Amino acid sequence: MAEKSQVIERDALDDLLKVLREQGYEVIGPTIQESAIVYDRIDGVSDMPVGWTDVQDGGSYRLKKRTDESRFGYVVGPHSWKKFLFPPELRLWRAKRDDAGFKILEEREQTKKYAFIGVRSCELHAIFIQDRVFMGGKHVDPVYKSRREKIFIVAVNCAEAGGTCFCVSMKTGPKAQSGYDLALTEIVERERHYFTVEVGSERGQEVLKELQHREAKHDEISAAEGRTRNASEQMGRTMDINDLKELLYRNYNHERWENVAERCLSCANCTMVCPTCFCTTVEDVTDLTGQYAERLRRWDSCFTIDFSYIHGGSLRKSAKSRYRQWMTHKLATWIDQFGTSGCVGCGRCITWCPVGIDITEEVKAIRESEGGTHGDQT
Amino acid sequence: MGTFEPMVPEAYRVRKVIRELADTYTLELESVSGSPLHYAPGQFNMLYAFGVGEVPISMSGDPSQPHLLTHTVRAVGPVTQAICASGRDSVVGVRGPFGTPWPVEKAVGKDVVIMAGGIGLAPLRPAIYSILQQREKFGKFVLLYGSRAPENILFESELHEWRSRFDTQVNLTVDSASGNWKGNVGVVSTLISSIDVDVSNSLVFLCGPEIMMHFSILELIKRGFSKNQIYLSMERNMKCAIGFCGHCQFGPTFICKEGAVFRFDQIERFFRIKEI
């Protein structure tokens with residue numbers, strides 16, 4: 001496995017997609033759909049948002065033309081990779097009535113073999129977090145596991161940060177450290193456009209072999225480091241995570257929850273765009289004859305009234321309690337449940353909140369009411 | 001790969017339906033495949049009414065009879081209504097067992113206080129059976145039961161049976177009653193002061209509405225019990241029972257995995273936080 005950085009020229013990216021397709025992967029990467037960067041099937045670089053960037057802030061997202069031909073010159077869109085590993089709707093089983101009551105019908109699903117192109121470091125961390133949720137406990141999600149084990153990950157190190165990014169605070173980026181097959185850093189210069197490549201696995205090595213590549217020179221490596229540094233310095237947001245779990249545990253009854261509830265629409269956008277949110281509901285349905293039944297699993301959100309319904313009423317009736325549940329889960333209880341934070345600092349919940357509620361501001365408000373930080377600002 | 005194994009129910013045939021109260025039924029179920037389901041007192045199953053839905057229901061039967069699954073269900077929603085309406089020989093789906101048990105083994109050599117409110121007696125009945133089956137292993141055994149009214153007393157004939165034993169102290173109260181009722185009136189926590197046990201060497205198993213458990217715990221602590229002697233069963237919405245759906249979160253815990261039975265000191269920090 002190559003330990004040193006390699007270099008591929010700009011047009012080798014198309015060859016990379018081709019090689020992956022030839023190896024049987026369904027290649028998923030960034031596309032432009034509905035004025036946003038959306039991960040979907042791509043057949044070549046021509047399907048990608050070449051020369052586009054995004055401008056993000058609380059409650060605001062706009063695509064904008066760049067002055068260069070960057071392939072990855074934007075940060076993250078509303079969709080994360082979770083929709084491929086943890087599909088928004090999944091049929092868990094089908095059954096038919098019979099003499100013994102009912103019989104579960106056999107189903108054969110060809111497991112999808114995905115190659116993800118352009119996974120950002122924060123998103124890679126989101127995948128690691130969902131690995132713990134779906135594969136780290138007593139029960140394993142068989143669909144997640146079978147898809148997860150087969151994916152080929154081409155990470156991309158961010159060269160620029162977005163207006164709502166705070167991966168540096170969450171220690172999840174901007175450079176991918178592990179868990180990828182290949183990691184690219186895109187370098188666009190006046191005369192040249194190329195990628196430095198880090199190899200993260202044997203499979204990555206095998207794929208790289210198929211592409212024209214060479215070892216990176218010193219100036220190319222430092223150009224790549226410069227891009228990462230640039231992104232680190234551009235973070236649109238910061239969050240002080242010092243003692244964050246205890247801060248929130250101490251403040252279940254803080255007045256800030258009332259304040260945020262006055263703004264929150266309980267629309268659930270933050271949970272849908274979050275790359276780690278994993279809550280689902282189960283629906284049991286029958287056909288019109290009543291002879292066939294199915295069980296479906298669908299993404300759900302702790303912002304719905306139904307979520308906490310228990311004989312006779314909902315437990316979390318107020319928007320205040322629902323926002324508190326979400327944010328406390330993300331930043332505090334998650335740590336007790338899975339050993340990591342549930343937040344990777346991707347900023348999606350800030351960008352896609354229709355009223356621009358900002359998780360970093362909410363944390364700050366609670367912290368400041370206690371007299372500010374207990375440690376170093378990150 | 002095809003079906004999502006941990007979410008697939010097994011067919012069970014309804015062998016007997018007992019109407020306990022106006023809206024509460026006990027179903028005795030037997031696996032169609034004939035295989036037993038071993039479980040511990042306090043655990044629950046997901047019961048499935050074909051095409052209607054699935055609900056978490058505690059076992060309420062005798063755990064030493066793994067071929068016969070007993071569940072006591074109150075008909076409050078579409079699924080529980082469908083399950084309660086299942087006739088003899090009809091089929092329901094079962095997934096389980098899930099959750100943590102009452103610590104019956106830990107109570108060996110100690111006095112045991114079982115406190116139940118309303119239908120909360122059902123999840124405790126397997127523990128009562130287990131204790132009575134090996135009665136000599138325990139010290140004093142006290143059962144405190146409170147129901148809303150005399151007509152809501154669950155498992156009434158068994159309560160009479162247990163009360164008639166010389167080795168069991170059964171104390172019962174109702175929240176309100178007409179003049180014909182000659183028993184105790186008042187919430188179940190008022191019974192705590194009357195019990196005769198070695199407080200320092202006993203365990204308490206508690207199950208009922210959260211508000212009832214809250215006041216009972218206050219009384220128990222007043223009586224000298226420590227928080228780590230009190231076990232209680234919590235309830236939240238559950239959709240999957242395997243820790244994936246997120247609905248049953250209670251603070252940092254998933255009630256389906258780390259509960260439903262908790263030792264009080266382990267959840268005290270989150271207990272009674274409004275709308276948690």
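The legends below describe close-up views of a predicted model that contains chain A and chain B.

**View 1. The interface of chain A and chain B.** In this predicted model, 61 residues of chain A are in contact with 45 residues of chain B. The two chains bury about 4300 Å² between them, and carbon and sulfur atoms give 61% of this area. A:Phe102, A:His139 and A:Leu315 together supply 14% of the area that chain A buries against chain B, more than any other three residues.

View 2. Chain A and chain B are linked by 2 salt bridges. One of these salt bridges pairs the side chain of A:Glu246 with that of B:Arg269, at 2.8 Å from N to O. On the side of chain A that touches chain B, helix α11 (residues 319–338) gives the most, with 8 residues. The residues of that side comprise 26 nonpolar, 17 polar and 18 charged ones.

**View 3. The nonpolar cores.** The largest nonpolar core has 126 residues. Those with the most contacts inside this core are A:Phe116, A:Tyr323, A:Trp326, A:Met327, A:Leu331 and A:Ile359. Beyond four places in sequence, the residues that A:Leu331 touches include A:Met170, A:Met239, A:Leu244, A:Leu248, A:Ile359 and A:Val363. A second, separate core has 33 residues, among them A:Tyr61, A:Ala115, A:Phe152 and A:Leu184.

View 4. A:Thr360 lies in helix α13 of chain A, which spans residues 359–369. A:Thr360 counts as buried because its relative accessibility is 4%, below the cut-off of 20%. Its side chain makes a polar contact of 2.6 Å with the side chain of A:Asp358. Beyond four places in sequence, A:Thr360 touches A:Phe166, A:Arg237, A:Thr238, A:Met239 and A:Ile350.

**View 5. Two cis peptide bonds.** The peptide bond from A:Gly173 to A:Pro174 is cis, with omega near 5°. A:Pro174 is placed in the loop between α5 (167–170) and β10 (182–188) of chain A. In chain B, the bond from B:Gly96 to B:Pro97 is also cis, with omega near 0°. B:Pro97 belongs to strand β6 (residues 91–98) of chain B.

**View 6. Positive phi at two aspartates.** A:Asp243 is not a glycine, yet has a positive phi of about 60°. A:Asp243 sits in the loop between α7 (218–233) and α8 (244–250) of chain A, and counts as partly exposed at 29% relative accessibility. B:Asp89 has a positive phi near 75°. This residue, B:Asp89, is found in the loop between α1 (78–84) and β6 of chain B, and is partly exposed, with a relative accessible area of 39%.

Methods. Residues are numbered from 1 along each chain as its sequence is written. Chains are lettered from A and ligands numbered from 1 in the order in which they are written. This is a predicted model: local features need pLDDT of at least 70, side-chain atom pairs count only at pLDDT 80 or more; totals for chains, interfaces and linings use all residues. Side-chain values use heavy atoms; hydrogens and water are left out. Contact means heavy atoms within 4.5 Å. Buried area is the accessible area (1.4 Å probe) that two parts lose on being put together, summed over both. A salt bridge is a side-chain nitrogen of Lys or Arg within 4 Å of a carboxyl oxygen of Asp or Glu. Helices (H or I, at least four residues) and strands (E, at least two) are DSSP runs, numbered from the N terminus. Ala, Val, Leu, Ile, Met, Phe, Trp, Tyr, Cys and Pro count as nonpolar, Asp, Glu, Lys and Arg as charged, and the others, Gly among them, as polar. A nonpolar core is a set of buried Ala, Val, Leu, Ile, Met, Phe, Trp, Tyr and Cys residues joined through side-chain atoms within 4.5 Å. Buried means under 20% relative accessible area, exposed over 50%, partly exposed in between (1.4 Å probe, protein chains only). A polar contact is a pair of N or O atoms within 3.5 Å; within protein, one must be able to donate a hydrogen and the other to accept it, and residues adjacent in sequence count only if both atoms are side-chain atoms.
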